[in-house]
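Open the structure in your viewer and keep the selection tool at hand. The tour below goes stop by stop, saying what to select and what is there.

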Amino acid sequence: MKTKRATVQTETLFPELQNERRWETRGIFSEHYLRSRLTQSHLWPKDEIARSMYDFASELWRKRHVGLAKGPEETTRREFLEKILERLGFSFFSNLGLPESERPQTPDYLLFEDEETKDRIFNDDNEVKYQAAICLMEAKKVHHPLDQVSKKETPGRFPHQQVRDYLTSAASKTGEPYFRWGILTSGDVWRLYCRDAHPSHYFEFHLAGTNDQFCSFDDFKVFFTLFQAQVFVRKDGRCQLDDIREEAIIFQNKLEEDLRERIFKVVADLANGFWSYKDNKLTEGDLHDLYNNCLIFLYRLLFVLYAEG
């Protein structure tokens, strides 16, 4: 008698993004650092704090993603982004022109660490407001590719080019930058840019998918850690994102140095093994080919292990 295997289907209120990379470390931070060290940081949120924010953001996305996709950039800003910014701890002004720019430049948002700071400089001119700000943000409508030229709001300009230009121009008369970090987002995708990094470098987080998909709670904690207002607040000219970036670079360099040393040792062990096996009949004239073939063997082995992992 044949029996049918029971199929168990599980349903979730918010379908999570599957089989996709939640973030990309394009020269800002490093993959290994985020996975192995960030969780040990004092900035890593407690579950009860992150859960409240996650439930709010995922529920808001689930309810509004269709209308956000249909509407213009202003709808994305008003009905999603500004609500997320507030929950991340930011206060903000919108559409404030850069005070010392050679040509008119107007980021979508100038961000502050809290409402008290905004109230204190509310009646001042733009220069004072920029001096008090901790970050700027450029917004695009939901699902607008961040590497694609804008057609309506800023025709002919790439969104990433806008952010880089704003960061470069956001400086006082003496050339001192008001802040070093900028955010570029379409709501579903969020990027961090650093004024001190290479122009092509950024960190990207995929908060949501094309439908009602939303990132997992565990991945969301990475987003919450790196995009919350407090990490942009400067003290003695530095903010905590600067520290994370520096630590990630140091950690990555140390990791690469350790890997080079291990590869050298493994290649030496392989070469000595082939050399000592008399049936190979190797001579000093074979040393160059021996070295090259050991490297090829090692990297093929690493490729197989990576694929299996």
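**A patch of negative charge**

Select Glu86, Glu113, Glu115, Glu116 and Asp119: on the surface of this predicted model, these residues gather in a patch of negative charge. Asp119 is in helix H4. With a relative accessible area of 49%, Asp119 is partly exposed, because the exposed class begins over 50%.

**The whole chain**

The chain has nine helices and seven strands. Of its 309 residues, 44% are buried. The protein chain exposes about 18,000 Å², and carbon and sulfur atoms supply 50% of that area. Among contacts in the protein chain with a separation of 6 or more, 63% are between residues 24 or more positions apart.

**Helix H7**

Select residues 217-227, which make up helix H7. How many of the eleven residues of this helix are buried? Ten are, so helix H7 is largely enclosed by the rest of the structure. The buried residues of H7 include Phe217, Phe220, Phe223, Phe224 and Phe227. Asp219, Lys221 and Thr225 are also among the buried residues of this helix.

Next, display the side chains of Asp218 and Lys221, which meet in a salt bridge at 3.7 Å, N to O. Asp218 and Lys221 are three residues apart in helix H7, a separation of about one helical turn. An α-helix has 3.6 residues a turn, so residues three or four places apart point the same way. Are these two partners buried or exposed? Asp218 counts as exposed at 52% relative accessibility, whereas Lys221 counts as buried at 8%.

**Salt bridges elsewhere**

The structure holds 21 salt bridges. Side chains of opposite charge can pair when their charged atoms come close.

Go to helix H2, residues 47-70, and select Arg51 and Asp55; both lie in this helix, four residues apart, about one turn. Their side chains meet in a salt bridge (3.7 Å, N to O). Arg51 is partly exposed, with a relative accessible area of 36%, and Asp55 counts as partly exposed too, at 37% relative accessibility.

Then select Arg238 and Asp243. These residues form a salt bridge in which the closest N and O atoms are 2.8 Å apart. Arg238 has a relative accessible area of 34% and is partly exposed; Asp243, at 31% relative accessibility, also counts as partly exposed.

**A nonpolar patch**

For the last stop, select Phe297, Tyr299, Leu301, Leu302 and Leu305. These residues form a nonpolar patch on the surface, and together have about 480 Å² of accessible area. Which helix holds Leu301? Leu301 is in helix H9, residues 287-308. At 40% relative accessibility, Leu301 counts as partly exposed, because that class lies between the buried cut-off, under 20%, and the exposed cut-off, over 50%.

Conventions
Residues numbered from 1 in each chain as written. Predicted model: local features only at pLDDT ≥ 70, side-chain atom pairs only at ≥ 80, totals over all residues. Heavy atoms only, no water. Patch = residues over 30% accessible without salt bridge, like charges linked within 9 Å, V, L, I, M, F, W, Y side chains within 5 Å. Areas by Shrake-Rupley, 256 points an atom, 1.4 Å probe, with all protein chains shown as cover. Salt bridge = Lys/Arg side-chain N within 4 Å of Asp/Glu carboxyl O. Lys, Arg positive; Asp, Glu negative; His and termini not counted. Charge placed at Lys NZ, Arg CZ, Asp CG, Glu CD. Helix = DSSP H or I, 4+ residues; strand = E, 2+ residues; numbered from the N terminus. Buried < 20%, exposed > 50% of the residue type's maximum accessible area, 1.4 Å probe, protein only. Contact = heavy atoms within 4.5 Å.
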